[in-house]
Amino acid sequence: MALGLILTVCGCSSGGGGQKAPSTDISIAPPESNRDLSQPPWNSFAEQIQDPVNLDELASQFETDEYAGMGALAVINASSAYARGATGAGVKVGMIDSGVYREHIEFAQGTGDKVEYAGSDYSTSNPRTDSAISHGTLVAGVIAANKDDSATSTGINMHGVAFDATLLAYEIPLGSGEAPYDPIDVEQITFGDDNYFANRFTTMADQVDIINLSFGFPGVITSYSTTQIESAFSLSLDALRQSNRSRGERSIFVISAGNAWNDVDDLGNTVQADSPELLPGLPYLFPELKDHVLAVVAVDNSGEIAFYSNRCGVAADFCLAAPGGGDGNNNGTVEIGERIWGPTPPEPEAEANTHYYAGAIGTSFAAPVVSGSLALLKQMFPTVGNHELVERLLKTANKAGIYSDSSIYGQGLLDLDAATRPVGALAVASNGDLNSGLNNLSASTINTSESGLGTSLLSALKGHQIALFDQLGFPFYTDARRLVNQTRSPPEYAQLQHREQRLSNGGKLQIGQANPLADNAYFSLQPAYLTLQLGNQLGDQLDDQSGIGRFVGINANPGWFFGVYADNFIAPASSADRLSFAAPWLRFARNGWSSGGAMALGLGKLRAGIFNGSAADDLQSLTRPRNSHGGLLEYALLSTNFSVNFQHGFISENSSLLGATLGQTLGQLKNTATKFFGLNGHLQLSPKWRGIFAVYHGTTESGLAESGTAESKGLLNLDKSLKSSAWSVGINSTPEWQVEDRLSIYLHQPLRIAGGQGSLRLATGRSVDRQVSYETVAFDLEPQGREQQLEVRYQFKWNNIITAARVEYTIQPNHSPLNPRYGLIEFSLFRAFKD
């Protein structure tokens with residue numbers, strides 16, 4: 001049975017497919033949107049992560065006259081799928097129909113065409129004619145007519161849903177379907193009849209994944225019993241079941257629901273077409289077919305159910321609505337612009353190289369819209385099971401507004417925009433299959449702001465992609481560097497408002513906070529801090545090395561109580577990086593408390609301290625559990641012209657590695673421990689100039705869990721022992737140079753991993769049975785570059801105004817040779833007021 005309402009026009013040119021004639025009104029306005037984005041399931045859709053910011057602009061480039069010409073693509077939002085790269089390339093769609101006029105320009109491919117034949121049932125007694133194959137030719141065009149954009153003077157310009165797909169056709173003679181409605185009597189079905197269809201179903205299922213059936217048997221499915229159908233069509237049912245294949249490998253049968261609405265039988269009775277007809281309704285009686293059989297009802301170009309179309313009814317679970325043409329403006333006439341257009345064989349008297357098109361209505365032409373859409377999904381997701389492709393089209397169909405009535409529209413109106421972007425949040429796979437081990441992307445990233453770990457990973461992952469999976473288990477690919485979240489506070493935001501006050505008892509009080517114009521939570525700034533040093537802790541008391549000093553700090557870096565900071569050769573606010581001359585690992589505990597003291601010992605001074613804190617970067621850190629602790633021991637040899645401070649310390653990070661945190665999917669960090677050695681000091685070059693230096697080396701036990709299988713251990717693997725280092729040198733002036741002026745020059749290398757290996761497992765895809773495939777990316781932890789910061793600061797006083805200028809220049813930021821170097825110039829003015 002096939003619908004026969006066809007209007008034929010021709011394009012009198014040998015060009016590729018023709019162009020719509022100016023005198024005909026065939027343009028189809030998109031239907032008014034009735035989506036309600038606040039209602040399920042629309043709120044579970046997410047942007048496809050590889051979508052460019054100009055996706056809408058890209059989609060609009062596909063919305064040409066050729067796009068509008070077929071009459072269905074705008075209704076199903078096909079341009080969004082095209083903008084994401086879906087064209088049907090590499091997919092072969094099967095069709096059992098009246099045949100295809102393969103010589104039509106819409107099927108041209110290279111020096112041949114895109115149509116193959118699996119068989120033909122025409123014979124001398126029932127010959128194959130151009131008229132006989134007109135139905136199948138139009139169906140084939142809806143699926144895969146070429147997108148050629150060739151301009152011609154007359155005719156119809158259109159393309160199919162999957163315009164780069166190819167076709168495999170099995171030709172069978174079809175009736176017109178124009179006689180009074182006469183339901184099939186299944187008791188009259190013979191073994192030969194059953195075997196005929198079973199053979200053709202099997203022939204096609206052996207060769208293609210998607211099979212379009214735009215024909216059927218009269219008779220609504222609810223008119224028959226399971227026993228009747230099993231008895232009449234046992235062989236055909238077995239062919240449709242495909243029990244010899246797994247669920248994911250079974251071919252999908254897309255079947256038109258029927259055009260019996262408002263039909264009458266030979267007694268004048270109106271057909272109760274509130275459910276699909278026999279063939280598309282089979283899964284209602286045989287649920288094992290639901291995975292891979294789709295019934296398709298038709299909507300007109302207004303988006304409402306077409307006046308002729310069967311409804312979904314009892315087939316609602318496996319039924320979908322798609323454009324099939326109709327009386328969209330409800331004026332009683334199916335106008336040119338209300339039809340589905342496609343190629344058709346030429347008229348008998350046609351001139352050579354003339355290509356004809358026809359406009360028609362019917363569920364016969366809604367079904368190939370769905371078949372072409374499945375071809376787009378098959379191209380995008382070639383390793384996903386076929387039954388999952390069916391599920392995706394059903395779940396992503398528009399269910400808002402009128403489409404919420406499942407008795408009419410089943411699972412809703414086909415929507416290729418929703419079908420080609422993720423459903424729900426994307427997740428990272430960590431186990432061998434998709435049925436477990438999916439984790440949020442936020443739980444699968446490496447967050448780092450002040451270590452070389454992020455830089456090493458970014459370099460290693462360049463050029464690699466990772467497969468992320470949506471709620472339905474479909475893979476979406478993105479740059480693997482998305483797993484690394486590396487932030488760095490810009491220098492202009494990193495300055496401190498630092499104040500010092502000498503106490504009457506010889507102690508020193510320091511208070512300060514980060515620049516209040518910056519957002520601390522984002523820019524990794526130092527929160528408000530306080531330090532108090534009492535007794536003989538201060539290094540500038542050179543004439544009195546006896547006694548004991550004490551210190552305590554809140555939110556102060558422990559390194560400020562040691563070395564050149566304790567000796568007052570440099571202050572925290574003297575450089576943009578307020579920790580340049582302190583052991584760099586101490587910044588991982590800078591927000592918390594520290595305490596210790598100093599005492600004279602031999603020729604120098606012994607300083608010792610303990611600390612507990614975190615690298616948290618906002619003012620809430622005082623209320624957070626501390627995740628780092630440690631201690632530092634220093635022996636200081638101090639004189640007027642020279643000092644050197646020997647340091648040995650350790651820091652234990654409970655939930656980070658060199659300041660970096662890992663999402664649980666990557667691995668579990670347990671008590672990462674770093675032991676470090678270093679020395680810093682000063683050299684009095686002259687009464688006017690003083691040199692300062694610091695060099696540090698550390699060894700870190702990674703603390704990354706190593707027990708369990710590869711899946712349970714996490715995606716990231718690191719050497720147990722990692723090396724890291726940092727250094728700084730500088731020169732600054734003394735009051736002997738200029739009483740009111742100060743000049744300082746500093747060169748600094750931040751913390752850099754100096755040795756170690758690692759690897760990261762990346763999901764690369766999945767199989768039909770939902771098994772996840774991985775690749776392992778090995779990398780050196782030592783970054784390829786070396787960041788160096790040069791800072792020059794000059795300050796002078798004029799009357800009561802203090803003027804300061806600072807120039808900073810950084811090469812290979814974050815130790816990456818790919819990062820652009822940058823510089824900045826900063827001026828500031830201060831005025832002192834007196835009571």
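Trainee: Which residues touch the most other members of the largest nonpolar core?

Mentor: This is a predicted model, where local features need pLDDT of at least 70 and side-chain atom pairs count only at 80 or more, while totals for chains, interfaces and linings use all residues. Side-chain values use heavy atoms, without hydrogens and water, and residues are numbered from 1 along each chain as its sequence is written. A nonpolar core is a set of buried Ala, Val, Leu, Ile, Met, Phe, Trp, Tyr and Cys residues joined through side-chain atoms within 4.5 Å; buried means under 20% relative accessible area, exposed over 50%, partly exposed in between (1.4 Å probe, protein chains only). Of the 130 residues in the largest core, those touching the most other members are Leu167, Val370, Leu374, Trp585, Leu716 and Leu760.

Trainee: Which element gives the largest share of this core?

Mentor: Helices (H or I, at least four residues) and strands (E, at least two) are DSSP runs, numbered from the N terminus. The largest share is 10 residues, and these come from helix 9.

Trainee: How many residues of helix 4 are buried?

Mentor: Helix 4 spans residues 134–144 and is mostly covered. Its buried residues pack against elements including strand 2 (92–97) and helix 9 (363–380), with contact meaning heavy atoms within 4.5 Å.

Trainee: Is asparagine 814 buried or exposed?

Mentor: Asparagine 814 lies in the loop between strand 36 (801–811) and strand 37 (822–831), and has a positive phi of about 55° although it is not a glycine. Because its relative accessibility is 16%, asparagine 814 counts as buried.
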